[in-house]
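Let's take a walk through a protein fold together. Have the sequence and the 3D view open, and look for each piece as we get to it.

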Amino acid sequence: MAKAFRRTSRGIAGSLHEPERKLLRDLFADVITLLEERDEIHQVDASEDLDPLYALTGMSPDRGPLPEPADPATARLLPTASDDEQVANEFRRFGEHDLITSKIGRLREAQFLMENTKIVLDEAAASRFAQALNDVRLVLSQRLGIESEADSARIGQINDAAQVHTPQDYMALVYNLISWVQDTVMQALLDSDY
């Protein structure tokens with residue numbers, strides 16, 4: 001069973017057992033795959049004769065507006081930056097790739113952390129870990145249809161494996177585990193006494 005993260009003299013520490021770590025590794029990998037699939041839209045054909053600046057940045061000057069993500073879970077990870085369509089398109093075109101890259105980096109780091117039962121993090125690493133957990137929660141919340149406090153309360157009631165009867169119940173249990181782990185990391189980050 002997972003042990004809550006808490007602030008210690010060595011850093012923010014917690015532990016996860018192998019089944020929990022394997023589950024998290026797999027979930028981090030799934031979210032990475034979603035982001036990599038979306039990032040394909042940003043790839044520039046290497047055969048194009050590009051200005052060196054565009055070749056360096058990976059952006060094509062001829063590219064028009066990019067479509068919003070088709071998968072609602074990916075759209076939750078990469079929300080529209082503005083109600084102004086032109087601003088949203090510009091952000092998607094010039095900033096989305098960097099956002100995807102930073103999210104994938106945090107998720108890969110979190111995957112690597114799952115190699116050890118005991119996890120000790122400095123504040124910066126704990127913050128990145130919490131962000132990676134949040135990205136997984138965003139995907140799961142979309143898959144579970146969490147749109148309101150009532151939905152959240154309904155999902156929050158599934159906190160025991162004995163309550164799991166459907167794949168949706170299992171996903172809710174996983175969502176609640178990840179929420180709890182993230183909450184303990186955030187509480188440890190906020191706790192100044194150790």
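Predicted model: local features only at pLDDT ≥ 70, side-chain atom pairs only at ≥ 80, totals over all residues.

Residues are numbered from 1 along each chain as its sequence is written, and side-chain values use heavy atoms, with hydrogens and water left out.

So what is the chain built from? The protein chain has 8 helices and 3 strands; these are DSSP runs numbered from the N terminus, with helices (H or I) having at least four residues and strands (E) at least two. Of the 194 residues, 40% count as buried (buried is under 20% relative accessible area, exposed is over 50%, and partly exposed is in between, with a 1.4 Å probe and protein chains only). The chain exposes about 11,100 Å², and carbon and sulfur atoms supply 52% of that (areas come from the Shrake-Rupley method with a 1.4 Å probe; for residues, only the protein chains shown count as cover). Now think about contacts, meaning heavy atoms within 4.5 Å. Among the contacts with a separation of 6 or more, 70% are between residues 24 or more positions apart.

Next, helix packing. Two packed helices are described by the angle between their axes and the distance between the axes. Axes here are lines fitted to C-alpha atoms, for helices over the stretch in contact, and angles run from 0 to 180 degrees between N-to-C directions. Find helix α1 (residues 18-39) and helix α8 (residues 167-190): they pack at about 100°, with axes 12 Å apart. That makes α1 and α8 roughly perpendicular (65 to 115 degrees; under 35 is roughly parallel, over 145 roughly antiparallel, and the rest oblique). Where they touch, Glu-20, Leu-23, Leu-24 and Leu-27 of α1 meet Tyr-170, Val-174, Leu-177 and Ile-178 of α8. By class, this contact has 7 nonpolar, no polar and 1 charged residues (Ala, Val, Leu, Ile, Met, Phe, Trp, Tyr, Cys and Pro are nonpolar, Asp, Glu, Lys and Arg charged, and the others, Gly among them, polar).

Now look at helix α5 (residues 96-113) and helix α6 (residues 123-144), which pack at about 105° with axes 9 Å apart. α5 and α6 are therefore roughly perpendicular too. The residues of their contact divide into 7 nonpolar, 1 polar and 5 charged.

On to the charges. Side chains of opposite charge can pair when their charged atoms come close. The structure holds 12 salt bridges, each a side-chain nitrogen of Lys or Arg within 4 Å of a carboxyl oxygen of Asp or Glu. In one of them, Arg-7 meets Glu-123 at 3.0 Å, N to O. This pair links distant parts of the chain, with Arg-7 in strand β1 (residues 3-8) and Glu-123 in helix α6, 116 residues apart. Arg-7 counts as buried at 15% relative accessibility, whereas Glu-123 is partly exposed at 45%.

Glu-18, Arg-21 and Arg-25 are linked in a network of salt bridges.
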